[in-house]
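Thank you all for coming. I would like to walk you through one structure this morning, slowly, so please keep it in view while I talk.

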Amino acid sequence: MKYIRFGVVGCGRMGMRRIKRIVEHTNSELICVADAQEEKAKAAGREFGVDYYTDFNSVTNKKDIDCVVISVPNKFHAEIATRALAEGKHVLCEKPLARNPEEAKRMVKTALENEVYLKVSSNLRYFPSVQKAKELLDDHAIGELLYVRGWIGNSGWQLNNSWFSNPDIAGGGTLLDNGSHLLDIYRWFLGEVKECSGYTARMYHPIDPSLEDNAFGTFKFMNGTHAFIQSSWTEWADYMYMEIYGTEGYIRIDNRNPNCKVIHGKRDGSEFVYDYSKLPPQSYDVEFKEYMKAMLNQSHPMPTGFDGLRAVQMAHGIYESSRVGKSVKIWGKEEEKLFKLFESKGWC
């Protein structure tokens with residue numbers, strides 16, 4: 001594969017970010033766009049000189065497209081993705097992969113059945129601070145891993161008169177929204193997760209009672225490590241902070257605005273600081289370049305649809321734990337079977 005042809009569904013804030021990366025890459029071509037709001041579709045189509053539509057089927061049915069990018073509200077991810085995957089198209093879908101585990105499983109199974117790639121977006125993986133932390137972990141810079149604790153969030157700026165405050169469209173509150181980023185990173189760093197417990201709360205924002213503006217959770221991983229998360233829509237200063245502890249030291253990822261740095265500490269008290277705070281934002285650019293590199297090499301882009309499914313299951317595990325008041329298992333025979341299918345295809 002030397003060239004990737006794209007159709008983009010959704011011409012809002014995220015869709016336009018994806019479109020601009022597509023038209024700037026030397027090995028990708030934008031074929032068409034779609035948006036339910038005709039004025040948005042028309043504006044994007046005219047700006048980039050491509051066909052535009054108001055229904056997603058016009059994109060998924062096109063024969064001259066290799067990949068469909070899905071940048072629409074959560075409710076519509078599964079329907080559009082399964083249609084595109086069934087048509088033999090690869091899919092790049094915004095996070096969270098779906099509103100709930102059932103929808104996410106349907107997407108993953110359709111990708112497997114049609115042997116096409118399903119990638120969930122996770123631009124946080126491509127923050128320079130997160131990339132450096134992963135490099136240090138892969139080099140065993142802090143010895144054997146023990147635990148992780150972290151938080152992520154914003155002020156809830158996106159809630160006013162938007163689909164984020166509609167439970168039917170969003171599927172969850174801050175944990176599914178912001179938290180899915182950190183949940184993905186936890187699995188990337190610590191491996192597979194098996195159990196969780198936690199609480200959700202509506203503390204400040206006047207949102208639907210079924211949604212949370214704060215969530216707190218702990219996770220138990222297969223290798224014996226643990227992780228704690230707080231996800232919040234009352235994090236006034238933005239955005240993310242994480243500490244990773246091992247037998248020989250620690251790593252702190254500090255993305256509290258305006259910071260973007262990594263602190264690597266050792267048990268003797270010495271510290272090494274890697275400061276990327278003065279770099280311009282680049283995570284979406286790096287993510288798309290890595291996506292294109294994988295696609296051109298005919299290898300599965302990361303994170304996979306299975307990774308996206310697991311993040312959704314982790315979030316809903318906390319929702320269930322908060323509801324029933326006890327820990328919840330989030331790994332079973334079905335998850336093991338799906339993982340082995342991905343592994344057998346070399347997609348992990």
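I will go through the aromatic rings, then the cysteines, and then the salt bridges.

A word on the ground rules: this is a predicted model, in which local features need pLDDT of at least 70 and side-chain atom pairs count only at pLDDT 80 or more, while totals for chains, interfaces and linings use all residues. Residues are numbered from 1 along each chain as its sequence is written, and side-chain values use heavy atoms, with hydrogens and water left out.

Let me begin with the rings. The structure holds 13 aromatic pairs, where rings of Phe, Tyr and Trp (its six-membered ring) pair if their centres lie within 6.5 Å, and planes under 30 degrees apart count as stacked, over 60 as edge-to-face and the rest as tilted. One of these pairs joins Tyr 147 and Tyr 245, and with ring centres 5.1 Å apart and planes at 15°, the pair is stacked. Tyr 147 belongs to strand S7 (residues 145-153) and Tyr 245 to strand S11 (residues 239-246), so this pair ties together parts that are 98 residues apart in sequence. Helices (H or I, at least four residues) and strands (E, at least two) are DSSP runs, numbered from the N terminus. As for exposure, buried means under 20% relative accessible area, exposed over 50%, and partly exposed in between, with a 1.4 Å probe and protein chains only. On that scale Tyr 147 is partly exposed at 30%, whereas Tyr 245 is buried at 17%.

Another pair is made by Phe 306 and Phe 339, whose ring centres are 6.0 Å apart and whose planes meet at 50°, so this one is tilted. It links distant parts of the chain, since Phe 306 is in helix H11 (residues 305-324) and Phe 339 in helix H12 (residues 333-344), 33 residues apart. Phe 306 is buried, with a relative accessibility of 3%, and Phe 339 is partly exposed at 27%. Both residues also take part in a cluster, in which ring pairs link Tyr 117, Phe 306, Phe 339, Phe 342 and Trp 347.

Rings also have charges over them here, which by definition requires NZ of Lys or CZ of Arg within 6 Å of the ring centre and within 35 degrees of the ring normal. Lys 132 lies over the face of Tyr 274, 4.4 Å from the ring centre, and the charged end of Lys 345 sits over the ring of Trp 347, 5.6 Å from its centre.

Now to the cysteines: how many disulfides does a search of the whole structure find? It finds zero, a disulfide being defined as a pair of cysteine sulfur atoms within 2.5 Å. The sulfur of Cys 32 has its closest cysteine sulfur in Cys 11, 9.6 Å away, which is too far for a bond, and Cys 32 is buried at 0% relative accessible area. For Cys 67 the closest cysteine sulfur is in Cys 93, at 11 Å, again too far for a bond, and Cys 67 is likewise buried at 0%.

Finally, the salt bridges, of which a search of the whole structure finds 28; each is a side-chain nitrogen of Lys or Arg within 4 Å of a carboxyl oxygen of Asp or Glu. Arg 99 and Glu 103 meet in one of them, at 2.5 Å from N to O, and both of these residues are buried.

Glu 115 lies in the loop between helix H5 (101-114) and strand S6 (118-120), and Lys 345 in the segment after H12, so the pair ties together parts that are 230 residues apart in sequence. Glu 115 is exposed at 55%, while Lys 345 is partly exposed at 31%.

Within helix H11, Glu 320 and Arg 323 are three residues apart, and therefore separated by about one helical turn, and their side chains meet in a salt bridge of 2.9 Å, N to O. Glu 320 is partly exposed at 29%, and Arg 323 is exposed at 63%.
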